[in-house]
Every structure is written in C-alpha cells, then in structure tokens.
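Hi,

Here is the structure I promised to pass on. Could you have a look when you get a moment?

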Amino acid sequence: KNARRTGGRARIPAILDPISQQLTYNDERIAAIFTLHHQSKTDDVTVNEETDPELHSPLMNEVAHKYGINLQEVFPPQPDDVEKEVTITMKKLKSLVTGLKADTAPGKSGLDK
C-alpha cells in the first residue's frame with residue numbers, strides 16, 4: 001500500500017543480518033543479504049558454469065524425471081546465435097523499446113488479472 005505512494009519503490013528500514021544475528025540498517029548490507037538469499041534459492045551448485053556453460057543440471061534432470069517431463073521437448077536444441085549475424089531495423093528496435101513497461105519488470109504480473 002505504501003509502495004504505491006512512493007512510485008512503486010518500497011524501502012526496508014532494517015533486517016536481521018544472518019551473519020551477525022543483529023539488526024542492520026545499512027541499505028547496501030540489506031541489498032547484499034537479499035541478493036545472497038535469492039542466489040541460494042536460484043543457483044544450482046551442481047553446475048560448473050565454467051566447464052559446462054550450456055547448463056546440464058543434474059538437479060533439473062532429476063525433477064524433470066520425477067514429473068515425467070521430457071526436457072528435449074520442452075527445451076529443443078536452438079541454433080547457435082554466433083553462427084550467423086542477427087539484424088534488426090531501427091524501426092523495429094524503437095518499437096520494442098517504446099513498448100516496454102516503464103515501472104515494472106517484463107512479463108506477467110498481478111496486474112494482468
């Protein structure tokens with residue numbers, strides 16, 4: 001509710017620092033805590049991006065197998081973008097940029113209902 005009055009930006013005044021177990025009021029530290037928390041939820045530690053940049057995730061394969069999902073059908077092989085040059089006209093580029101939402105991230109949101 002208050003975020004609406006601040007242009008969609010909400011400020012978190014304090015958070016419990018998981019390292020020191022004390023409240024921190026430092027905006028940069030709060031942002032770092034949220035970043036680390038998000039990474040812990042989204043990173044697959046079984047994937048070494050340097051040796052396998054195309055993401056062959058054992059965890060993802062395990063989940064897909066559990067639910068009977070064929071990853072080759074869901075994510076078919078894509079042609080390598082570096083094999084050929086991609087071109088776009090200035091008109092199309094301008095159309096794509098001006099069509100972006102100004103105050104939200106791209107994709108579905110709760111406002112699409």
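Below is what I found, starting with the chain as a whole.

This is a predicted model, in which local features need pLDDT of at least 70 and side-chain atom pairs count only at pLDDT 80 or more, while totals for chains, interfaces and linings use all residues. Residues are numbered from 1 along each chain as its sequence is written, and side-chain values use heavy atoms, with hydrogens and water left out.

The chain holds 5 helices and 2 strands, in the order α-β-β-α-α-α-α along the sequence. Helices here are DSSP runs of H or I with at least four residues, and strands are runs of E with at least two, numbered from the N terminus. Of the 113 residues, 9% are buried (under 20% relative accessible area; exposed is over 50%, partly exposed in between, with a 1.4 Å probe and protein chains only). Among contacts (heavy atoms within 4.5 Å) with a separation of 6 or more, 0% join residues 24 or more positions apart.

Now to the strands. Threonine 24 sits in strand β2 and counts as buried because its relative accessibility is 11%. Beyond its neighbours within four places in sequence, threonine 24 touches residues including Pro13, Ile15, Arg29 and Ile33. Its side chain also reaches the backbone nitrogen of asparagine 26 at 3.4 Å. In the loop between β1 (15–16) and β2 (23–24) lies glutamine 21, which has a positive phi of about 60° without being a glycine. Most residues other than glycine have a negative phi. Glutamine 21 is exposed, since its relative accessible area is 51%.

Next comes helix α2. Asparagine 26 caps its N-terminal end, with a side-chain oxygen 2.8 Å from the backbone nitrogen of glutamate 28; a polar contact is a pair of N or O atoms within 3.5 Å, one able to donate a hydrogen and the other to accept it, and residues adjacent in sequence count only if both atoms are side-chain atoms. How far apart are the end C-alpha atoms of α2? They are 23 Å apart, which agrees with the 22 Å that its 16 residues (27–42) should span at 1.5 Å a residue (1.5 Å times one less than the number of residues).

Finally, valine 74 lies in helix α4 (residues 71–74) and is partly exposed, because its relative accessible area is 46%.

Best wishes
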